[in-house]
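Trainee: I have a new structure to look at, and I would like to learn how to read it. Could you walk me through it?

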Amino acid sequence: MSTQDIVLDREGLAEVPVIEPGHTLASVTEKISDIVLVRPLSIGWVAGFLACASLVGVLGVAVGYLFYKGTGIWGINIPVGWGFAIVNFVWWIGIGHAGTLISAILHLLRQSWRNSINRFAEAMTLFAVMCAGVFPLIHVGRPWLAYWLFPIPNTMGVWPQFRSPLLWDVFAVSTYATISAVFWYTGLIPDLATLRDRATTPIPRFIYGALALGWRGEARHWHRYESAYLLLAGLSTPLVLSVHTVVSFDFAISIMPGWHTTVFPPYFVAGAIYSGFAMVLILAIPVRAVYNLKDMITERHLENAAKVMLATGLIVAYGYILEIYMAWYSGPKSIDWFTVHNRFFGPYAGPYWALWICNIIIPQVLWIKSVRRSPFLLFLISLVVLAGMWLERFVIVILSLHRDFVPSSWGMYYPTKWDWATYFGTIGLFLMLIFLFVRVLPMISIFEIRMLLPEAEAKHK
Amino acid sequence: MSDLNGLMAEFGSATDLVEAAKATHRSGYNDIEAYSPFPVHGLSEAIGFHKDRVGLICLIGGLVGMFTGFGLQYWVSTIAYPINIGGRPLNSWPAFVIVTFELTVLFGGLSAVGGMLFLNDLPRPHHPVFNVPQFERASQDRFFLCVFAADPKFDAPQTRRFLEGLKPISIAEVPE
């Protein structure tokens, strides 16, 4: 499984390798760990970090004012009781899915190219889940009662309702957050030992040493470590598929037209991976340029990510088309037909058609190989896909609610400045955590990159 | 003897380490350990370690999670806080499948990692092998084989001669 073999594709062009030739165990170790241990702080990093930190300040103000005044500062009303909070929650949690897909599912499928992107994809998962977690907590209106979500014995003698999808969601998301964090930390342990051994000053050596738990790289340790890692990957695979399935149950189990459909679970999962890979590309493309990692995150990675986006985007398109087909099949007098007609021509037709353009039409250029190999175009397309996936959640939540069953209770939803401040605040939180991550932890898994080198194979005489 | 914990040989490649580990194990040393900066296939087998129990711990953890998940929901919904919703049975088990699954994964995953750390005797910040100066490269680009003094066959001069026969880059004493 040497990665140095040159493979020719059908057009006779050499396939880009997963890692450029010429690297040794020492050079990959030095290159990745020096970003953390040696590289001085740059103006660009400080400026970017402070910009994101100020957005976190905006988030703090928005949430503080929300706690002071209540959810009335948002645009939500009756009939649209679920506004930006749910749209953003679903959007963020979906973005996280690509990280688990890369680290767990591609590990089980022995796709070794994933070794150079799994670390920061997992970090992305963790940070995206943190951003997602903000929304359910603040949208309950009385966040000091958020512990009611969990089955905690209390003096009221009241327990949660286990037949409700909203409670399933609590368990799915908190399990997902925990397992993602454990998976990420487990992967970090050997690399933290490398940082401990390379650190030249006492404070980093102490911190990385404490976090590395005394890892020594014993053969017995590695044996158990690989067993545990494989088991985690095996457990995370159904878990990640279950999380967005359960999120879709929040909608699909209700009787609301536009929500009550059986296509939701697969189409939510595909959409989650779609938006997640878009976020992976948005982070990977600048990071590999700034930190000069183009020899480890090669065009092959970008192209593979683009292919996954293309495939999952088509599954999402199938979901959209099936919704229209089901409406047509239900007949022109059905509420499903009304829902689709309202999407096509109603007051929110703009976001609906923008969703088609962003999610389905523009990404079709990914069929062209030169587009898949162009970092600049991939970055733009990924931004478009993220906007499209956000619009999809907007269409699902708002458009289904704003036309209630009785025309007298129809309404419109307009987000307020507090809605936008909270949304952009979480983007700031996410990027701030990414900025911190690339400076304090190895953003590429060093020991897994070592395994991609030809010298990693012990030749048996 | 009391100030010596073992002898450590340094190698330059995974292949050399696997060969040396096999030779050492074959010649009767049992209390030996190999160190590498990444998992090397066949290395743990070369020192005579074949089967770990992480899988069993994970299975037990997962089953405990499964019974906890279903048991919690059954107890809450039928005994502690029964609510009749639309005449559905109190033990409406299909609705309990998801939380049962999530807790199976949660307990299984945590016990896989916890079990791995426990069996590896981690966290353990101090260990005699860290006293060998070259050993800091065990997490970078070098491969080590250690024969511990606790091995009944261990005899410092004789073991050192044996290790020298394996053509290592260096041999170091592991102090107590």
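Mentor: Gladly! Let's begin with a definition: accessible areas come from the Shrake-Rupley method with a 1.4 Å probe. In this predicted model, chain B exposes about 8200 Å², and carbon and sulfur atoms supply 61% of that. For chain A the accessible surface is about 18600 Å², with 71% belonging to carbon and sulfur atoms.

Trainee: How do I judge whether chain B is compact or spread out?

Mentor: Compare its radius of gyration, taken over C-alpha atoms, with the globule rule. For the 176 residues of chain B the rule gives 16 Å, but the chain has 25 Å, so it is more spread out than a compact globule. Its C-alpha trace spans about 80 × 30 × 30 Å along the principal axes. For chain A, with 461 residues, a compact globule would have a radius near 23 Å, and the chain's 23 Å agrees with that.

Trainee: What does "buried" tell me about a residue?

Mentor: A residue is buried when its relative accessible area is under 20%. In chain A, 58% of the 461 residues are buried; in chain B, 51% of the 176 residues count as buried. Helix α11 of chain A, residues 349-361, shows this: its buried residues include A:Y352, A:L355 and A:W356. The buried residues of α11(A) pack against α8, α9, α10 and α13 of chain A.

Trainee: Is B:S27 buried or partly exposed?

Mentor: B:S27 has a relative accessible area of 26%, so this residue is partly exposed. You will find B:S27 in the loop between α1 and β2 of chain B.

Trainee: Which residues does B:S27 touch, leaving aside its neighbours within four places in sequence?

Mentor: A contact needs heavy atoms within 4.5 Å. By that test, B:S27 is in contact with B:K153 and B:F162. B:F162 is 135 residues from B:S27 along the chain, yet their C-alpha atoms are separated by 9.5 Å.

Note on methods:
Residues numbered from 1 in each chain as written. Chains lettered and ligands numbered in written order. Predicted model: local features only at pLDDT ≥ 70, side-chain atom pairs only at ≥ 80, totals over all residues. Heavy atoms only, no water. Rg over C-alpha atoms; globule rule 2.2 N^0.38 Å. Buried < 20%, exposed > 50% of the residue type's maximum accessible area, 1.4 Å probe, protein only. Helix = DSSP H or I, 4+ residues; strand = E, 2+ residues; numbered from the N terminus.
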